[in-house]
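Subject: Structure handover and notes

Dear colleague,

Here is the structure I promised to pass on to you, with the sequence alongside. My notes on it follow below.

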Amino acid sequence: MHAWAPPGLPTTARDVLGEAPALALYDARTGSVDNTKPAAQARIYVCGITPYDATHLGHAATYVAFDLAVRAWREAGHGVRYVQNVTDVDDPLLERAARTGEHWAELAARETQLFCDDMAALAVIPPDVYAGAVESIPLVVNLVQDLQAAGAVYEVDGDLYFSVTADPSFGALSGLGSDVMLKLFAERGGDPDRPGKRHPLDCLLWQQQRGDDPAWDTPLGTGRPGWHVECAAIALEHLGAGFDVQGGGSDLVFPHHEMSASEAQVARPGSPFAKAYAHTGMVGYGGHKMSKSRGNLVLVSRLRSDGVDPRVIRLALLAQHYRVDWEWRDELLSVAADRLHRWEQAVRRGGPDARPAANAVRAALADDLDAPRALAAVDTWAQSSTQSSTQSSHPTVDGSADLMAAVIEASLGVRL
Ligand code: 5CA
Ligand code: ZN
């Protein structure tokens, strides 16, 4: 699949300031903020959309957060290999298509394109590999065959299930008790009560064709892949086991990331699936998690067509720490627009030495992507820029505006 066009990536900040500090991230498995320790090439997988409705601000917040991680690694001198999937065949997509009468593949293609347009507008660096579930079916088949060889697969009425007991570390990522696991599994696409299963948490690897559902002829039978194995197969193929960060929203910690990791670890024993698991908080609206199924959505494309500058949308998202759950409010846009205006004026006017503020921006982002603290550092510099035009105690320094603009663009993804 084609992802979207990359934004400009100036190197001025690195040329002037040198390498940014190492990126530390909160890891769900260890429960602490740990330094990432990527090789020359950092490897990250971020779970992509299920394209049955347009990109909402919750999705946008998640992809902008991981974009900060990609940028932080680049500023720290690493190359980055970034893989993202598109769940372009799955129950919610098929259900929506059946309801509206549109062909499921057309719905998926249209919404994926809209997502790509939204991401490009938000200056999100695209993944190097953008892989659809449908095009990745051969990878899923291979992985399921490896799991069969490992004795971790059984059949229930023609459907294939993964035995969670095959992975001794199953549960270590989420750290949840079995009651909570069962509840979340049932809420998030699982089938704990299906008769014939050996363990209620065992998850579907391959589903035999039902009715008119789309299906592919494979050595596993005529059917389609389960959800968790899709991400395990795509990540293993395009990144290899033991990649640096598996990312997604906190709604994916369990079962999705737990299951994908277990499947991968049973198929490729000896290496953890990912070294760290990073999750964004949930964005709510009107008192509930913003979700396609609930329909309480604020769409990026809608804001854009209403004439909102995408940089303002991005700044509104950056004003929240990625790990906390938060509520969207329309006033956040005017606050962000005001901030953008102040920054633009400051950069036009010039200001005092930008190095301390620029280093503070990079340090804040390296410290578990603390974007609100990074914005505050720029605010302070912009404020002193106002003073330097009126007071000689804050003399304007040549090149400081250029450096500030370069850091804001490279690290925060906002081009002034
Ligand atoms: N296709 C799967 C992942 S393999 C999926 O969860 N798709 S999704 O379209 O439902 O969500 C796409 C991404 O946005 C996921 O990382 C999800 O965790 C995140 N996300 C969904 N809703 C919100 C929200 N309200 N706030 C923040 N992130 C969200
Ligand atoms: Zn996923």
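To begin with a single side chain, lysine 183 is exposed, with a relative accessible area of 52%, and this residue is found in helix H6, which covers residues 178-187. Between lysine 183 and aspartate 167 there are 16 residues in sequence and, from C-alpha to C-alpha, 21 Å in space. Please keep in mind throughout that this is a predicted model, and that every value in this message is computed from it.

Domains

The domain assignment of the protein gives domain 1 as residues 12-289 and domain 2 as residues 307-412. Their centres, taken over C-alpha atoms, are separated by 33 Å, and the contact between the two takes 40 residues from domain 1 and 31 residues from domain 2.

Helix packing around H2

Helix H2 (residues 57-75) is described here through two packing contacts, one with H10 and one with H14. The axes of H2 and H10 come within 10 Å and cross at roughly 80 degrees, which makes H2 roughly perpendicular to H10. On the H2 side the contact is made by Leu57, Ala60, Ala61, Val64, Asp67, Leu68 and Arg71, and on the H10 side by Ile313, Arg314, Leu317 and Leu318.

How far is helix H10 enclosed by the rest of the structure? Seven of the nine residues of H10 (residues 310-318) are buried, so this helix is largely enclosed.

Threonine 112 lies in helix H4 (residues 104-121) and, at 8% relative accessibility, counts as buried. If its neighbours within four places in sequence are left aside, threonine 112 is in contact with Met1, Ile49, Pro51, Val86 and Tyr130.

Strands

Strands E6 (153-156) and E7 (159-162) pair in the antiparallel sense over four bridges, and in E7 the bridge partner of valine 156 is aspartate 159. Together E6 and E7 form a hairpin with two residues between them.

Elsewhere, an open sheet of three strands has the order E14-E13-E15, with mixed pairing. Strand E14 (288-289) and strand E15 (326-327) stand at the edges of this sheet and each has a single partner strand, so one side of each is left without a neighbour in the sheet. Strand E13 (residues 283-285) runs antiparallel to E14 and is joined to E14 by two bridges, and tyrosine 285 has histidine 288 as its bridge partner in E14.

Backbone points to check

Most residues other than glycine have a negative phi, and most peptide bonds are trans.

- Aspartate 157, in the turn of the hairpin of E6 and E7, has a positive phi of about 45 degrees, and at 71% relative accessibility aspartate 157 counts as exposed.
- Aspartate 368 has a phi near 55 degrees, again a positive value in a residue other than glycine. Aspartate 368 is placed in the loop between helix H12 (355-366) and helix H13 (371-388), and at 4% relative accessibility counts as buried.
- Phenylalanine 254 and proline 255 are joined by a cis peptide bond, with omega about 5 degrees. Proline 255 is found in helix H8 (residues 253-267).

With best wishes

Methods: Residues are numbered from 1 along each chain as its sequence is written. Chains are lettered from A and ligands numbered from 1 in the order in which they are written. This is a predicted model: local features need pLDDT of at least 70, side-chain atom pairs count only at pLDDT 80 or more; totals for chains, interfaces and linings use all residues. Side-chain values use heavy atoms; hydrogens and water are left out. Two strands pair if DSSP finds at least two bridges between them. Buried means under 20% relative accessible area, exposed over 50%, partly exposed in between (1.4 Å probe, protein chains only). Axes are lines fitted to C-alpha atoms, for helices over the stretch in contact, and angles run from 0 to 180 degrees between N-to-C directions. Angles under 35 degrees count as roughly parallel, over 145 as roughly antiparallel, 65 to 115 as roughly perpendicular and the rest as oblique. Contact means heavy atoms within 4.5 Å. Domain bounds come from an automatic or database domain assignment.
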